[in-house]
Amino acid sequence: MTATPATFFPDTTGCPRAYRLLRAACEPPGPTPDPDLVGEDIRPLGEVLEYAIVAKMLCLFADWLDRCGHTVELARPMQQFLRGQRRLSTHRWRVHHREAVRVISVLAGRGVPAAAINGIAHASVLYHGDGSRQSSDVDILIPAEAAADAVNILTSCGYYATGRRPTALHRDFDDPVVPGLTLDLSTRLAHTSDPADIACVLARRTAAPRHVADLEPLPILTRDDGFLHTLARVAAQRRWPALADALRYSAHSTTATAAATVVPVPAQTGWQLLRSCWPHLPERPPLSETAGDRR
């Protein structure tokens, strides 16, 4: 059994079995550092499912069960439950995706640059829109100086304040599965809050891959900007989905980080935490050759 690293975090230190299985669920498709899990009888899953649900990893865990051939070993009601959760997650992603595109378009039309970040962005760029990456809300990056204007613009479009903070808004939907959406307007990234940096990041934004014909492309961060932000989130929040996101970013690189590339300290910390769980990863996070030009 894989030992639990002392530096590991998401509340499984006292349950090595849950750690081992959620760790495997974080890994992108391909060879696993723990190949014994593929042929091992991993039942019963009661305690592990509780950890997965609390960590918002249930659908990613269900995806891993499918990929490793474990789903067919489960009782039929369990199989139906997991398939149903994947379908619900996919439907939620489609609703959130459409609304995120609409919100960013509305803001752009009023002169406010914006890009989707975190779960809604990663669902497209890292998980192919397959419903395995869960998210409960939509996070949108905007310039700090435009925050008040953005709130006013979206309030006029049917959003209202949640009371959590001025830039957290909600809108109700006529959908029995997704009755509403909470929108978080963010003016900073996990690795930088410098307004000049945010302006450069937004100027570099790109369109997420289009996985469904009837969904418009979603404006997101570039691969390197999203990767650095995600690594810094690993360091700051220490949550399982951020680990999975960071692993997928590292698996979809085209080159190694040059020695001269400056990686922000929060992102360096996140990468070292990631390597404490997956020591086979390179010493430095793989970024593009132009990453050294990042502000």
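Ser135 counts as buried because its relative accessibility is 18%, where buried means under 20% relative accessible area, exposed over 50% and partly exposed in between, for a 1.4 Å probe and protein chains only. The model is predicted, so that local features need pLDDT of at least 70 and side-chain atom pairs count only at pLDDT 80 or more, whereas totals for chains, interfaces and linings use all residues. Residues are numbered from 1 along each chain as its sequence is written, and side-chain values use heavy atoms, with hydrogens and water left out.

Ser135 lies in the loop between α6 (119-125) and β2 (138-141), helices (H or I, at least four residues) and strands (E, at least two) being DSSP runs numbered from the N terminus. When residues up to four places away in sequence are not counted, Ser135 touches Arg92, His96, Gly119 and Ile120, a contact meaning heavy atoms within 4.5 Å.

Two packed helices are described by the angle between their axes and the distance between the axes. For helix α5 (residues 76-109) and helix α7 (residues 147-155), the axes come within 10 Å and cross at roughly 120 degrees, the axes being lines fitted to C-alpha atoms over the stretch in contact, with angles running from 0 to 180 degrees between N-to-C directions. The contact is made by Val103, Val106 and Leu107 of α5 together with Ala150, Ile153 and Leu154 of α7.

In the protein chain as a whole, there are 11 helices and 7 strands, and buried residues make up 52% of the 295 residues.
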